[in-house]
Amino acid sequence: MKFLTAVALLLVLVMLEASAQSRAEPAAATTTAAAQQITRAGTQASIVASPAHFTGQPPRIDPLWPANHDINATGDLVTFEPGAHSDWHTHPAGQYLVVESGVGLTQQWGKPVQVIRPGDVVWCPPGVKHWHGATPTTAVTILTITGTVDGKNVIWMEKVTDAQNHDH
Ligand code: MN
């Protein structure tokens, strides 16, 4: 009888242990489902923007990340040569600009041209008409973080006139 009691106790202990392990498994699976990802420098080719929407040399774009379902915004480093700038445009979900190097220009429709320098952060709200680019004599590299709606992140409009560009 003592032997049977001991066997019964052992069975209970084994079942408790198995139960504890099965409870622990979902947590372990959750922590390994998503992994940190490092995209190494030099693994994403530079591209040149379409000349259709720019004055001067079209900018070089160094893609950083695409929009995804967690953060629905693209990240790119955009470099304008002296005298080059975008056409007027809007962004359906807005855009942040962070000047990385050089000196650039940006302008909101109906407002004066603004000189932007490294460290400056510009927020362009959704639908606000604007342009951005280099100064006539200096290049500029801008980190652009642009929200997307249905895969679209920009709506292009007319060319910037010289009169608008020199309003500063
Ligand atoms: Mn923009």
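This is a predicted model: local features need pLDDT of at least 70, side-chain atom pairs count only at pLDDT 80 or more; totals for chains, interfaces and linings use all residues.
Colleague: Over how many bridges do strand β7 and β10 pair?

Modeller: Residues are numbered from 1 along each chain as its sequence is written, and side-chain values use heavy atoms, with hydrogens and water left out. Strands are DSSP runs (E, at least two residues, numbered from the N terminus), and two of them pair if DSSP finds at least two bridges between them. For β7 (residues 95–102) and β10 the sense is antiparallel, and the number of bridges is four.

Colleague: OK, and which strands stand at the edges of that sheet?

Modeller: The sheet is open and antiparallel, with six strands in the order β1-β3-β4-β12-β7-β10. Two of them have a single partner strand each, so one side of each is left without a neighbour in the sheet: these are β1 (47–48) and β10 (121–124).

Colleague: Which residue in β10 is the bridge partner of Gln95?

Modeller: Gln95 belongs to β7, which spans residues 95–102. At 4% relative accessibility Gln95 counts as buried (under 20% relative accessible area; exposed is over 50%, partly exposed in between; 1.4 Å probe, protein chains only). Across in β10, its bridge partner is Cys124.

Colleague: Gln95 is a metal donor too, so what distance separates the protein donors from the manganese ion?

Modeller: Donors are N, O and S atoms within 2.8 Å of the metal (3.2 Å for Na, K and Ca), and since water is not among the atoms, sites may look incomplete. Gln95 contributes OE1, while His89, His91, His130 and His132 each use NE2. Their sequence spacing reads H-x1-H-x3-Q-x34-H-x1-H.

Colleague: Which residue's side chain makes a polar contact with the side chain of His132?

Modeller: His132 is in strand β11 (residues 130–134), and its 6% relative accessibility makes it buried. A polar contact is a pair of N or O atoms within 3.5 Å; within protein, one must be able to donate a hydrogen and the other to accept it, and residues adjacent in sequence count only if both atoms are side-chain atoms. At 3.2 Å, the side-chain partner is His89.

Colleague: Switching to rings, how many aromatic pairs does a search of the whole structure find?

Modeller: Rings of Phe, Tyr and Trp (its six-membered ring) pair if their centres lie within 6.5 Å; planes under 30 degrees apart are stacked, over 60 edge-to-face and the rest tilted. With that, the total for the whole structure is four.

Colleague: How many residues apart in sequence are the parts tied together by Phe54 and Trp156?

Modeller: Their ring centres are 5.4 Å apart and the planes sit at 65 degrees, so the pair is edge-to-face. Phe54 lies in β2 (residues 54–55) and Trp156 in β13 (residues 155–156), so the sequence gap bridged is 102 residues.

Colleague: Is Trp88 buried or exposed?

Modeller: Trp88 has an edge-to-face partner in Trp109, at 4.8 Å centre to centre and 80 degrees between the planes. Trp109 is partly exposed at 43%. Trp88 comes in at 1% relative accessibility and so counts as buried.

Colleague: How far from the ring centre of Trp109 is the charged end of Lys129?

Modeller: A charge sits over a ring if NZ of Lys or CZ of Arg is within 6 Å of the ring centre and within 35 degrees of the ring normal. The charged end of Lys129 sits over Trp88, 5.9 Å from the ring centre. It also sits over Trp109, where the distance is 3.7 Å.
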